[in-house]
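Please consult the sequence and structure shown below while reading.

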Amino acid sequence: MARTEEAIIKLSKRLCDMMLGDLEKAKRPVLEATKCALDNTLYNHKVGYLTPGGKMVRTELNVSSVKKMSRAVFMLEVLLRNIDSGAVNTKRELYYISKGEIKHSPRLKPLDFEEQDESDETIDFITEMLECYREDMNCYANDRGGQTYSQQLVVEETLPDGTKATIELSQLGTSPFQPKNRPQNLKLRTKGKVDFALIVESEGTANTLVANGFTKRNKCILLGAQGVPSNAVRGWAKRIQDQLAIPMYFFGDLDAYTLQNIYRTLKAGSAASLIRNSDYSAPDVKFLGVLPEDIEKYDLPDYAVKESDPQEARALKKASDALKNDPFFRDSRNKGLAKILHWLLKNKRRCEQQSFFSVSPKDPVMPEKIILEKIKNRVYV
Amino acid sequence: MSANPRKGITTSSTAEYFSKNLQQVGFSSQTKAVLTTLKEAVDNSLDACEDHGILPELRVLVEKSGAGTLKNSDRIRVRVEDNGPGIPPEDIPKVFGEYLASSKFGRGRCSRGQQGIGISAATTWAQLTTATGARVISKTAGQRKALSCLVEVDIKNNKGTLKEKDTIDWDRPHGTSVEFELDGRIQLNGEAGLTNYLLGNVLVNPHMTLHYKLQDADWVTVERVTNEIPKIPDSVEPHPHTMKLGEFIAHSHLFGRVKVEAWLRKGFSRVTPSVIEAMKKTQGIKKALLEKNVDQAGDADFKELYAALQNVELMAPSTQSVLSIGEHALEKSIQRLGDVDFFSVVTRRPAICDFKPVQVEVAIARQKNRAAGTDADEPAQVLRFANRVPLQFDKAACAIVGALTTVNWRTYGLAQPKASLPIGPYVMAVSVVSPFIKFKNASKETIDSSDELVEEIRRALMMAGQRLSRHIKSEARAADLERRIQHIEQFGPILVEGLVRITGASASRKAKAEEGLRKILGRDAKEAQAAVTEANEKLEEHLKASRARRGEADDDEGGGEAPEEIVEAPPEKAKVLKKSGGKKAPPPAKGKAKAKGRERALRADGVEIFGSESPAMEEPGEGSPGMEG
Ligand SMILES: Nc1ncnc2c1ncn2[C@@H]1O[C@H](COP(=O)(O)OP(=O)(O)O)[C@@H](O)[C@H]1O
Ligand SMILES: [Mg+2]
């Protein structure tokens, strides 16, 4: 969940005070963090996103954990200082800041992070412990994707100094609006009615649709996901859903990877980010396609999944695992999606979103027509 | 000790050939000339002592005595003194001045010398380069005074001549001293160095006391670590399938006037009446040929007989003729190589490889001083032995090296680049003993690597590796403890300081927390320490158990020789090896009687070896070397 700066500072101090108190009593301090893994993942369609179960990762101080704890306390100090000064950093920058601190203070040498993985892990440990977003601690990822086009949407942003900025997307010409990874600071409204929002897996295809006049002809919001959605895209979709209450569709490839890693994450979040799914998923988004039935109906060129390709083989294996273990795909509300996974496993074929361009090659607007037809006829899952 | 009827010196051929081809027998370079001279003398001393049940004590001197006559050479003095039986005066010219004069020739024993070339070649080299032969002092138990003389080779006539004969008082009951002055160069270090040669001898001769002085260094003494003289098994007759035609013909010369059939039956192992029958029936050998006197047989006859023997099936030779140093003695001996952290030794049971009986022994030690040095990244030092003679050349082609590089040492905790020798301060000694060892070349420098032999050596190495890994693991635990303690010391204060800064806590709280942290982590360290102690105790227990298994009490000086490792297989087992070619197996009754007779004879001697045939092809109990597969 999101926490305010004051709450984070208070929580951090209390945690450190507890650890110190335990040490004074020669008692081993224990740190607890939510376990972010599939085996601690719950799904309830009424909630709409993946939530953590009761499992915690307990880290008790001993010879093997003393390094991890020392690193966490060290990094916490850096992050608290950033909150205090209002400075902002990416994870990579924090890696270098840590290295700099350690260079200037030889006593800290043993803490040194050899690879960025190690400092990233420490940051994640802290956020899981405090149950906050790293953005709350002024740590931003290099969030990509989410370029958004609309003739109706108006975004009002509250800046750190309290002033407000208003962005009218229709005024941006061919430039898209790019959401930031803290969409909680954005307020949305529309000029007139908007019928739907469309999220396209490929940012390139999103751009093509817009260039061919999609947003001119339709009262809509159109955005590109650029593969697995970043926090920015996820938070942004959630914001659109909450503030505008319009139907939302996802258009992407028909394959196991898209369904599990891209669409599921957009709709319900992921097991790795259990503590942030509530603000970073849009449970109402529908899967518009490509659907298995579209292949036949539009005679789309599809092709066989090469099981010899390790990446594709992994995706298939993951799909069959998901059908067994993933509470999202096992939920009765998501039967339709599970059915697609079954279809993919059985037929071992895949079909890309761009195949819509094959239907009537001379008509650049054909894909738009199909998308609109599908929405109109409610051909989605 | 041996009941061999043909004991005594025999001669053949001429010295001329060898004097022109000295490079073939180890005199191919200046440094090798010195090493080979030393080697032939030391081999002879050790063989002679062993033959006569004497605990050897050798004095070895190698030094520069002037400038050499050849370009780039020095004049080198090599002297080897022993407390052996001495050489009867009438034999001295033969021993040092005649080629192919040997008491060991063709006897199928695991002796170091085999064909009577060695020491005469050394005399020849010395004579050709410095014009002086071998200076010999020798005294047998029967002589009151010792004979001192200079032996030279009469190359034209393959005869030794004595000069400067003198009888002198000598401070010992018996023994031999031989000194050469030769052109050569001293190479002390490296694989082919003199130090390595002496070190190797020290390892495989735990019963030897060695005094040596190399070049300008002081005298060094290495004391014996056992009073057990290796039990030299009775000789076996050669197996026809292991001989070349030339050897086959030469072998006949040892027999004088006997019938061919008698020669075949008595002169070879596994040539039984049924084999003779098979030669007649399936190979067309005529009765007349078998009844011919062997000294009248011509080359064509020998060729025919030889071919026939190669074509009939023969039982594999007996493994009784091999000799082992023994794990207990190796354990002690390997610690003479320097400061040793830990070691493991393995004596395999005798086995048959390529129709020859062989026994493989392995000793691996990690050396302390090398570990501390800068060469910890270097490959393990390899000591190779064939019939307890160190092999120092042509490593790459050797069966022992072949086996060493194909074992996966990483399984046992050693570092090893792919298909190479393991890395680290280890000495890895492999000894192969066989009465009919197959060398790659005439100067006896490498063991021919047949698949069977390599596999047998690999098994021994894997067993040794398993034993070694116990030490390495317990050591890894100790290192882990060390690391943990360091960990605590490093991170503890950093953690507390961080917490204090974030909370703004007082100095007294800080002090108390530091105190508490020390207590907590101290408890952890104690636990880790306990784990290490437990691991060490387990290792100790294992070592005790394995000693007990070999029938050695902890404090038993020079205890028994692994008797139960040489498990007797029932005679039927030996027959399994025989294929259907020969008509019939030898009548069991006879075979048994023979075995019994031998057993009794050995017991009377006070030397206990094995009673009946023991091909011993099955695996010893320890570990499962199959792990790697
Ligand atoms: N130091 C010695 N003490 C007693 N006997 C010796 C000694 N050196 C050599 N002999 C005898 O001389 C023989 C010939 O020696 P050598 O020419 O080296 O041939 P080989 O060692 O192959 O038998 C030996 O077999 C042995 O009987
Ligand atoms: Mg010799």
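In this predicted model, A:Asp117 is exposed, with a relative accessible area of 55%. A:Asp117 belongs to a negative surface patch, whereas strand S11 of chain B is largely enclosed by the rest of the structure.

**Negative surface patch, chain A**
- A:Asp117 forms this patch together with A:Glu114, A:Glu115 and A:Glu121.
- Helix H4 of chain A, which spans residues 116-130, contains A:Asp117.

**Burial of strand S11, chain B**
- Strand S11 covers residues 356-367 of chain B, and twelve of its twelve residues are buried, so the strand is largely enclosed by the rest of the structure.
- On one side of S11(B) point B:Lys356, B:Val358, B:Val360, B:Val362, B:Ile364 and B:Arg366, all of them buried.
- The other way point B:Pro357, B:Gln359, B:Glu361, B:Ala363, B:Ala365 and B:Gln367, which are likewise buried.

**Strand partners of S11(B)**
- Strand S9 of chain B (residues 340-347) pairs with S11(B) in the antiparallel sense over seven bridges; B:Val345 stands opposite B:Ala363.
- Strand S14 of chain B (residues 426-433) runs antiparallel to S11(B) and is joined to it by eight bridges; there, B:Ser431 is the bridge partner of B:Glu361.
- Strand S10 of chain B (residues 351-353) also pairs with S11(B) in the antiparallel sense, over three bridges, and B:Ile352 stands opposite B:Pro357.

**Hairpin turn**
- S10(B) and S11(B) form a hairpin with two residues between them.
- In the turn, B:Asp354 has a positive phi of about 50°.

How values were computed
Residues are numbered from 1 along each chain as its sequence is written. Chains are lettered from A and ligands numbered from 1 in the order in which they are written. This is a predicted model: local features need pLDDT of at least 70, side-chain atom pairs count only at pLDDT 80 or more; totals for chains, interfaces and linings use all residues. Side-chain values use heavy atoms; hydrogens and water are left out. Patches are made of residues with over 30% relative accessible area and no salt bridge: like charges are joined within 9 Å, nonpolar side chains (Val, Leu, Ile, Met, Phe, Trp, Tyr) within 5 Å. Accessible areas come from the Shrake-Rupley method with a 1.4 Å probe; for residues, only the protein chains shown count as cover. A salt bridge is a side-chain nitrogen of Lys or Arg within 4 Å of a carboxyl oxygen of Asp or Glu. Lys and Arg count as positive and Asp and Glu as negative; His and the chain ends are not counted. The place of a charge is taken as NZ of Lys, CZ of Arg, CG of Asp or CD of Glu. Helices (H or I, at least four residues) and strands (E, at least two) are DSSP runs, numbered from the N terminus. Buried means under 20% relative accessible area, exposed over 50%, partly exposed in between (1.4 Å probe, protein chains only). Two strands pair if DSSP finds at least two bridges between them.
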